[in-house]
Amino acid sequence: MSSDQQYPYGNGYEYQDPNVAQTWEGQTWDTQYQPAVQPTAPVQAAPAADTAYLPAQGAPAPGSYPLPPEAPYDTPTTHLRPVAPEPAPVPASGEPRYSAPTTSGHVRMTDAQRARAEGRSPIIEPGMQPAVLTAALGGLLAAGAALGPYGLLVPLVLLQAVTAAGWFRLNGMWPARQGIALAFAGGLTADVALLAAGKEHAPAAILGTLGVWVLLVLVLQLRSHAGSDERQYGLMATVASSALAVLAAGHLAAASDAVVVGGLAVAVTVVARALPLPGAVTLVVALLAAAGAGVAAGGMTGIGAQGALLGLGTGVCALVGHRVASYDYPSRFVHMTAGVALPLAAAAPAVYVLGRALA
């Protein structure tokens, strides 16, 4: 009887007459095993119904021999699937357990993804050092506004440059020199338009610059040879960064007294928010500090007690910008750029609108 009839599923072994040299067919890792061959009674042919699916075979060979025992599951053969390794035990100390290093090309889990997986918040606020820098920049804006438009221009240009760089890094795009330069140029163009047109034409100068810059960014992105997803990300980041840099020019368009009150209110707000207190407590303290700074600065200017409303409005906008800069485990560079600039840039529209209404 042939080997195909004895073992129809073909494990790769074939035996011949004991007087003939023994041969192996197929792949195996076991080269030491030699089965004991003993003659047995001829095996009767299976019924036709059981072997209908087998190919036609010749007459059974005289003398049949038993097959070797099947290999256990642990035996390394080419017909068995590898056993997956057991996961490492969790340490008793409660420290986070990380997977073993692999060479399969898997992407490393980010800090934000690990924080979400462990049930922690992925939000990290900038802290006291960026808050102090924001307060210093807000003080420079207030002092420059007291000197006049050209005195305000120097800290405003610094604010626009830090805003453009910080927004791109906040969105994970770095280096993006072309986008940063384009957004910064939009802010400078708005400053020049405001100085040329005057504060009475500030809305037209700002909105006109913003519209032209959005169209310019769109044309440049359409000419890019990058992939569709990358072009979309670049378009959204450049438009948002340009809009923030242009809107920051609202400090230059607002009344000088309003810029003084708004700059000091933002400075006090971010410092109060960075205090080592519970989140809800620091939020209330920051808003109260903004209103108090508005009253104090309003007394030094012509706004008076209405400075409390201006300080409170700019404080709310500053907290929004501060929260945006805290998004999704930002890096230290994000904190030292976007965390410094966004509270002041976000407060610019409130300074202009409330300043015109109250001053």
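1. Start with the helix pair α9 and α12. In this predicted model, the axes of α9 (residues 256–273) and α12 (residues 332–358) come within 10 Å and cross at roughly 140°. That angle makes α9 oblique to α12. The crossing of the two helices is right-handed.

2. Next, the residues at that crossing. On the α9 side, the contact is made by Ala-258, Val-259, Gly-262, Val-266 and Val-270. Their partners in α12 are Pro-343, Leu-344, Ala-347, Val-351 and Gly-355. By class, the α9 contact with α12 counts eight nonpolar and two polar residues.

3. Asp-328 sits in the loop between α11 (307–324) and α12. In sequence, Asp-328 and Pro-122 are 206 residues apart. In space, their C-alpha atoms are 5.0 Å apart.

4. A word on confidence. The protein has an average pLDDT of 77. Of its residues, 68% score at least 70. Over residues 1–15 the pLDDT is below 50. That stretch still has 30 contacts in the model beyond near neighbours in sequence. Residues 48–53 also have a pLDDT below 50. There the model has three contacts beyond near neighbours in sequence.

5. A caution for reading those two stretches. Where pLDDT is low, the predicted coordinates should not be read in detail. Treat the 30 contacts of residues 1–15 and the three of residues 48–53 accordingly.

Technical notes: Residues numbered from 1 in each chain as written. Predicted model: local features only at pLDDT ≥ 70, side-chain atom pairs only at ≥ 80, totals over all residues. Heavy atoms only, no water. pLDDT = per-residue confidence, 0-100. Contact = heavy atoms within 4.5 Å. Axes fitted to C-alpha atoms, helices over the stretch in contact; angles between N-to-C directions. Helix = DSSP H or I, 4+ residues; strand = E, 2+ residues; numbered from the N terminus. Parallel < 35°, antiparallel > 145°, perpendicular 65-115°, else oblique. Left-handed = near helix turned anticlockwise from the far one by under 90°. Nonpolar A, V, L, I, M, F, W, Y, C, P; charged D, E, K, R; others polar.
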